[in-house]
Amino acid sequence: MVTPYFMYYYYPEILYEDNHILIVNKKPGDIVQGDKTGDTPLSDIIKQYIKDKYNKPGDVFLGVIHRIDRPVSGAVIFARTSKALARLNAMLKNREIHKTYLAVVKNKPPEDKGHLINYLYHNEKNNKTYVSGTEKNKYLRSELTYELLQKSNNYFLLKINLITGRHHQIRAQLAAAGCPIKGDLKYGYPRPNADGSICLHSLQTEFLHPVQQKSLQVIAPPPANGCWKMFTLQAIPSLSVF
């Protein structure tokens with residue numbers, strides 16, 4: 001059953017907005033684009049937000065630059081003009097949009113800082129990514145770096161910098177390293193989170209504005225509940241904006 005936009009009691013948190021782009025702090029559970037569930041996607045909600053805010057008649061243009069998985073939270077970029085859409089798509093392809101994530105994992109990684117290089121294959125039929133340590137046919141080279149920021153009694157908080165952008169990359173690579181993300185049943189965590197989320201958050205997005213040519217650095221505060229309450233995020237220098 002399709003959920004109409006007016007059943008949402010508030011619009012998503014807008015992190016940045018101008019005439020060309022809009023960046024939203026997605027909640028876990030929201031979908032960026034429509035899928036077979038029929039649930040209202042974030043893209044439709046943002047279109048309605050723009051329509052209401054600017055009293056726009058007719059259809060609203062909105063381009064989806066990238067997606068993050070439904071159970072994941074954090075920064076998502078949208079384009080408000082066709083010029084911004086084309087340029088941002090090219091920047092994404094050329095790895096000129098830099099993304100930093102936070103992840104809460106079950107086990108301590110082998111080192112406090114590391115660089116993971118694997119080869120990944122996404123099986124569309126079961127929507128799962130498989131990991132190889134060596135090159136294989138149809139497997140794509142995938143890289144990320146991580147840093148251990150904090151630990152609680154049972155969990156570890158990692159900062160992840162994506163070098164490539166593969167489907168389920170962080171989830172699959174961390175699980176292959178023995179560090180499944182809390183709540184991520186698909187990649188080996190034994191129990192779900194109560195709200196169906198996984199403890200992965202798109203924290204920071206950095207890129208050159210596609211039209212104005214100014215440097216943008218946008219930070220999305222993590223959810224205030226669930227696994228994030230176990231850590232003192234304000235004590236991390238790079239997250240001092242919280």
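In which loop does Gln213 lie? The last of the views below returns to this residue.

**View 1. Confidence along the predicted chain.** This is a predicted model, in which local features need pLDDT of at least 70 and side-chain atom pairs count only at pLDDT 80 or more, while totals for chains, interfaces and linings use all residues. Residues are numbered from 1 along each chain as its sequence is written, and side-chain values use heavy atoms, with hydrogens and water left out. The chain averages a pLDDT (the predictor's confidence in each residue, from 0 to 100) of 90, and 92% of the residues score at least 70. Over residues 1–9 the pLDDT is below 50, although this stretch has 16 contacts (heavy atoms within 4.5 Å) in the model beyond near neighbours in sequence. Where pLDDT is low, the predicted coordinates should not be read in detail.

**View 2. The largest nonpolar core.** A nonpolar core is a set of buried Ala, Val, Leu, Ile, Met, Phe, Trp, Tyr and Cys residues joined through side-chain atoms within 4.5 Å, where buried means under 20% relative accessible area, exposed over 50% and partly exposed in between, with a 1.4 Å probe and protein chains only. The largest such core has 40 residues, and those with the most contacts inside it are Phe78, Ile160, Leu174 and Ile181. Among the elements that each supply at least two residues of this core are helix H1 (42–54), strand E5 (98–105) and helix H3 (169–176); helices (H or I, at least four residues) and strands (E, at least two) are DSSP runs, numbered from the N terminus. The largest share of this core, five residues, comes from E5. Apart from it lies another core, of 15 residues, including Ile65 and Leu216.

View 3. The buried residues are Gln169, Ile170, Arg171, Ala172, Gln173 and Leu174, and what covers them includes E5, strand E6 (113–123) and strand E7 (128–132). Not counting residues up to four places away in sequence, Leu174 touches Ala103, Val105, Leu116, Leu158, Ile160, Cys179, Pro180 and Ile181. H3 is followed by Gly178, whose phi is positive, near 90°.

**View 4. The largest pocket.** On a 1 Å grid over the protein atoms alone, a pocket is an open set of points where a 1.4 Å probe fits, with protein on both sides within 12 Å along at least five of seven lines, and its lining residues have an atom within 4 Å of a point. About 1500 Å³ of space lies in the largest pocket, a volume being the space filled by probe spheres set on the points, which are joined across faces, edges and corners. The largest pocket is lined by 44 residues, of which Arg67, Ile68, Asp69, His167 and His168 lie nearest its centre. Helix H2 (82–93), E5 and H3 are the elements that give two or more residues to this lining.

**View 5. Two loop residues with positive phi.** Arg95 lies in the loop between H2 and E5, and its phi is near 60°, a positive value in a residue other than glycine. Arg95 is partly exposed, with a relative accessible area of 45%. Gln213, the residue of the opening question, lies in the loop between E10 and strand E11 (215–219), and phi of Gln213 is near 60°.
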